[in-house]
Amino acid sequence: MGRTLQNTMINLGLQNACDEAVYQLGLDMEELEEIEEDAGLGNGGLGRLAACFLDSMATLGLAAYGYGIRYEYGIFNQKIRDGWQVEEADDWLRHGNPWEKARPEYMLPVHFYGRVEHSASGAKWIDTQVVLALPYDTPVPGYMNNTVNTMRLWSARAPNDFNLRDFNVGDYIQAVLDRNLAENISRVLYPNDNFFEGKELRLKQEYFVVAATLQDIIRRFKASKFGSTDSVRTVFDSFPDQVAIQLNDTHPAMAIPELMRIFVDIEKLPWDEAWDITKRTFAYTNHTVLPEALERWPVDLVEKLLPRHLQIIYEINQRHLDHIASLFPNDVERLRRMSLIEEGDTKRINMAHLCIVGSHAVNGVAKIHSEIVKTQVFEDFAELEPEKFQNKTNGITPRRWLLLCNPGLAELIAEKIGEDYVRDLSQLTKLHKFVDDDLFIREVAKVKQENKVKFALYLEKEYKVKINPSSMFDVHVKRIHEYKRQLMNCLHIITMYNRIRRDPAKLFVPRTVIIGGKAAPGYHMAKMIIKLINAVAQVVNNDPMVGSKLKVIFLENYRVSLAEKVIPATDLSEQISTAGTEASGTGNMKFMLNGALTIGTMDGANVEMAEEAGEENLFIFGMRVEDVTELDKKGYNAQLYYDRLPELKQAVDQIKSGFFSPKDPNLFNDVVNMLFHHDRFKVFADYEDYVKCQEKVSELYLNSKAWTKMVIRNIAAAGKFSSDRTIKEYARDIWHVEPSDLKIPPPNEPRDGGQDKTPNGTAA
């Protein structure tokens with residue numbers, strides 16, 4: 001979520017008033033804002049997307065709730081020591097959190113372990129361990145519409161009789177100390193991005209958020225007039241018309257068997273009716289196609305922790321496979337591929353398959369990704385129910401990612417086209433009229449230059465390096481992962497360095513290359529990549545032959561509040577994943593909206609950015625998805641490229657020989673060995689085209705006016721990538737609710753007449 005103060009002031013229309021009031025107290029608002037900790041309760045794009053969606057849902061007047069876990073420790077703080085990443089705990093609640101309100105009156109029990117008893121009256125899950133879920137509510141204000149939604153985060157608490165019901169009264173002290181075991185559930189965020197780690201505590205977290213949330217939703221449904229009861233039993237027929245639940249990846253997939261358990265075991269609905277309601281309630285968003293990221297939980301772990309849920313999953317699977325067998329008799333291979341249970345050394349539950357079978361809609365997050373989902377990853381399922389599969393291209397909130405982080409540009413745009421674009425970003429197309437307006441061109445360039453100077457001062461303060469603010473700011477910030485190819489950027493840096501040294505007199509367009517991002521603590525290769533970037537920076541930044549022509553900075557502890565500083569100052573945005581691996585990307589959109597040009601592959605939302613702005617207004621290079629598939633067919637041989645390209649050979653040899661690690665010449669052996677023998681993401685295959693494309697970038701940068709005109713064309717084409725547009729599509733195509741742009745009256749104004757005393761409808 002990042003910081004909340006400035007976002008709240010902007011959405012409430014109070015920023016100027018607050019700035020002025022604080023100034024009169026002899027304080028500086030910006031200094032105050034810097035004191036607030038980021039709420040870092042997610043890993044990367046997936047978590048930030050949810051935050052943008054909350055802002056858009058409130059702004060569109062949807063009655064929507066964001067549910068998650070209130071981690072005591074969020075994503076780790078990254079320190080760079082001697083070029084290596086070192087993790088520190090993110091104790092973000094140390095000084096308290098003024099934005100949250102604990103709601104103990106809504107505390108709910110969550111059950112684990114135990115066993116299942118079957119009888120004539122149905123299944124009973126008994127002898128369980130209970131953990132309490134305590135909700136904390138954070139307000140989510142819409143933009144200037146007097147709407148405030150709720151983000152409800154669950155914290156784990158031990159019940160007061162925890163470990164004291166048993167016969168171990170002898171050790172009362174130990175029993176109280178053991179309360180930590182229950183409360184550890186919400187202690188810390190697992191720091192993996194795009195990687196599945198099948199740990200018991202992680203499964204506990206996933207079930208914890210799901211069980212608490214579903215009880216909360218059902219409580220709210222029963223309290224509304226729709227949860228009408230005939231004598232004792234609630235009628236749930238209208239449930240899917242009142243409640244839509246969107247599964248953000250497979251992490252909350254246990255919600256599907258949990259809702260079935262509530263309907264069948266507790267509410268005593270017949271299976272078929274319960275299943276129909278469940279499917280119509282859930283929709284699933286897929287966020288990655290990397291096989292190592294797909295959740296596949298061992299059956300024996302689920303059996304131990306959630307025995308009843310395993311039985312329900314088996315029943316879902318049986319009926320699912322019976323249905324497929326009836327359509328494709330004797331096709332056992334198809335049954336194996338489509339089963340929710342994967343046979344092997346250890347039987348596993350494929351959570352994506354569970355989500356597809358248990359949802360009425362499945363979507364990818366960019367056109368190209370949704371195609372890959374349909375035609376490759378889940379092709380059997382798409383063949384069965386093509387109408388279930390959709391695309392919803394991701395977006396970003398223009399409130400945080402323009403108004404808040406780049407007020408200079410936001411104001412300049414408002415002067416030209418009015419202020420309405422903040423709620424309707426498609427209006428940015430009106431800027432096309434000004435692409436040849438010399439004054440506007442100069443003003444856009446001036447705002448960018450001011451942002452660069454401000455960020456250069458920040459860098460000099462934090463990193464003690466002198467930055468040339470007129471150099472091209474070439475920025476690559478995102479989680480460190482092989483598929484995102486920070487290594488390819490690194491090879492380009494080395495290539496530029498070698499060119500400067502080979503011919504110091506030759507004209508060279510000065511660059512400040514900024515790379516930032518966190519590596520999962522257990523991801524060896526990602527940590528080596530960080531070390532390599534820092535080792536290269538050490539050499540480049542201290543070579544007198546290079547001077548101010550080339551500087552390399554590794555940005556420490558990249559997070560939302562740092563993104564808000566670096567993105568508005570960026571000239572060139574690096575979006576260089578291997579085609580077919582980045583589902584969408586959203587950083588790409590933030591840079592585009594803030595006046596950077598993109599160098600990128602035809603991957604994720606880059607494809608649609610090129611479609612909107614015109615491919616000639618992005619620097620597109622490298623293999624397309626078809627080329628990658630073709631190369632896989634014939635076999636990728638890294639050696640071929642190394643032998644054919646002298647500059648690539650030189651760069652790789654320098655890494656291999658210890659040129660960048662003279663004290664330990666073999667330091668980067670693992671990296672070099674990976675690049676030659678098991679590089680799934682084909683860095684060498686795109687290197688040549690990448691370097692050539694970078695030359696075109698430098699050439700255009702020399703012509704400041706032509707560069708800025710291309711920037712304006714990009715900003716004018718960025719309207720599609722508002723999360724407001726994305727959420728309208730979810731609302732229309734999946735949730736079947738109507739967004740409203742009505743501004744409800746503020747609480748200090750009396751409401752009209754009597755009709756407002758009863759709300760005309762309830763949504764969850």
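**A hairpin, a helix pair and a buried threonine**

In the predicted model, the hairpin formed by β2 and β3 has 2 residues between its strands, and aspartate 82 in this hairpin adopts a positive phi near 55 degrees. Strand β2 covers residues 77-81 and strand β3 covers residues 84-88; the two run antiparallel and are joined by 5 bridges. Asparagine 77 has glutamate 88 of β3 as its bridge partner.

The packing of two helices was examined next. Helix α7, comprising residues 200-223, packs with helix α9, comprising residues 255-266, at an angle of about 45 degrees, and their axes lie 10 Å apart. Helix α7 is therefore oblique to α9. The crossing in which α7 passes α9 is right-handed. On the side of α7, the contact involves Tyr207, Val210, Ala211, Leu214 and Ile218, which meet Ala255, Glu258, Leu259, Arg261 and Ile262 of α9. Classified by residue type, this contact of α7 with α9 contains 8 nonpolar and 2 charged residues, with no polar residues.

Threonine 601 is located in a loop, between strand β23 (597-600) and helix α24 (606-613). The relative accessible area of threonine 601 is 0%, and because buried means under 20%, this residue is classed as buried. When neighbours within four places in sequence are left aside, the residues in contact with threonine 601 are Arg485, Gln575, Ile576, Ser577, Asn606, Ile620, Phe621 and Asp686.

Notes. Residues numbered from 1 in each chain as written. Predicted model: local features only at pLDDT ≥ 70, side-chain atom pairs only at ≥ 80, totals over all residues. Heavy atoms only, no water. Axes fitted to C-alpha atoms, helices over the stretch in contact; angles between N-to-C directions. Helix = DSSP H or I, 4+ residues; strand = E, 2+ residues; numbered from the N terminus. Parallel < 35°, antiparallel > 145°, perpendicular 65-115°, else oblique. Left-handed = near helix turned anticlockwise from the far one by under 90°. Contact = heavy atoms within 4.5 Å. Nonpolar A, V, L, I, M, F, W, Y, C, P; charged D, E, K, R; others polar. Buried < 20%, exposed > 50% of the residue type's maximum accessible area, 1.4 Å probe, protein only. Pairing = 2+ DSSP bridges.
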